[in-house]
Amino acid sequence: MANKKDYYETLGISKGASKDEIKSAYRKLAKKYHPDINKEPGAEAKFKEVQEAYDVLYDDNKRATYDQFGHAAFEQGMNQGGFGGQGFSGAGFGDINLDDIFGSFFGGSTRRRSSRRGPTRGEDQVMRIKIPFMDAINGKSITLNLTYDEMCKSCHGEGGTTSTCSQCGGTGYVMGQRNTFFGVMQSQETCPLCGGKGKIINSRCPDCNGRGYNKIKKSFDVKIPAGINHGQQIRLAGKGSRGNNGGPNGDLYLEVLVESHRSFKRDGNDIHLTIPLSFIDASLGCEVDVPTVYGSVTLKIPSGTQPNQIFKLKDKGVKDMRSNDPGDQYVHLEIKTPDKLNKKQRELLNEFKKEEGNDTWFTRFKNAFRR
């Protein structure tokens, strides 16, 4: 427990962070360390730490407990009867619960008293889709087949006709009593009759059989915007996990995985391409048709071009999704030297060598050491 990292520090948020900030930080880190994406050593352990921190901090009750007791609150079932799951038996207090002890000092149970369980929004979900490189550049519409739970339109998620629970009076909880070392203590418990909803279903909805939702199978046309990059997401509102007690569904996020291209390499909105060029063309200069993500363009190679030289094709990169401003394409030259020469080629190169005389690149390099 002493070595555990603070949950707020794990998610990189402040102690006053809102639930939206917690969720945003979790999504970012979960995507970064997910074992399906990150194969580095320790990524899976980091992912588990992030998941554990999110599970505690996103739950209001768990977060309040953690803020008060720290990691000790979740070690060996503290919430089921005290530190180490043994209550204060070592001090002679038997199975007394901490809630009951603090309640005796402050005039009641420390458990949060809330109204009946109202509608709650469902959790967001993430689905990964893989698309070809050029579809990410130019954009594309795809058909997505989804199966998800949709709120019943007939009963609006209620499950049927309802009435106020007679046992809890619509509050969703009941008060109980228990004998403790300090006397009789009251505790707040979820109503066993209505399950905390505060309502009882009198007659089930025939369209959903009392569930409050129906399972839907549907096809959707999803537009992949031009310029989307690897790892970016597309939001489908209301297609995530179903809500509770008539609450809305969460959202579905499509995480786009872009396949690599055999020749084009993307860096932000810029494109890099390496093309081969003979040493003759590099020496004499030429014009070549260079492929881009939008088609071929003519590139003029000046005479005397050197190996690894880079040329920029302005505005031939990827168009930005927000501003629509295009990046550039960078053409890298790979100068090729023939490994086989016929007799005529060899004779011509020997004549070139004689014309060059002693003024060669190597001679200049060697003479530089004599100065």
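Predicted model: local features only at pLDDT ≥ 70, side-chain atom pairs only at ≥ 80, totals over all residues.
## Helix H4 and its ends

Let's start with H4, which spans residues 60-69.

## The buried side of H4

Arg63, Thr65 and Tyr66 are the buried residues of H4. They share one side of the helix, because they cover an arc of only 165° around the axis. Their cover includes helix H1 (7-11), helix H2 (19-33) and helix H3 (43-57).

## H3 against H4

Now for how H3 meets H4. Their axes come within 6 Å and cross at roughly 100°, which means H3 is roughly perpendicular to H4.

On the H3 side, the contact is made by Asp55, Val56 and Leu57, and on the H4 side by Lys62, Arg63 and Tyr66. Sort those residues by type and you get 3 nonpolar, 3 charged and no polar. Arg63 and Tyr66 turn up here, and both are also among the buried residues of H4.

## Cys155 in its loop

Over to Cys155, which you'll find in the loop between strand E2 (140-151) and strand E3 (160-164).

Leaving aside residues up to four places away in sequence, Cys155 touches Gly160, Cys205, Cys208 and Gly212. Asp207 is 52 residues from Cys155 in sequence, yet their C-alpha atoms are 8.3 Å apart in space.

Technical notes: Residues numbered from 1 in each chain as written. Heavy atoms only, no water. Buried < 20%, exposed > 50% of the residue type's maximum accessible area, 1.4 Å probe, protein only. Helix = DSSP H or I, 4+ residues; strand = E, 2+ residues; numbered from the N terminus. Arc of directions from axis to C-beta. Contact = heavy atoms within 4.5 Å. Axes fitted to C-alpha atoms, helices over the stretch in contact; angles between N-to-C directions. Parallel < 35°, antiparallel > 145°, perpendicular 65-115°, else oblique. Nonpolar A, V, L, I, M, F, W, Y, C, P; charged D, E, K, R; others polar.
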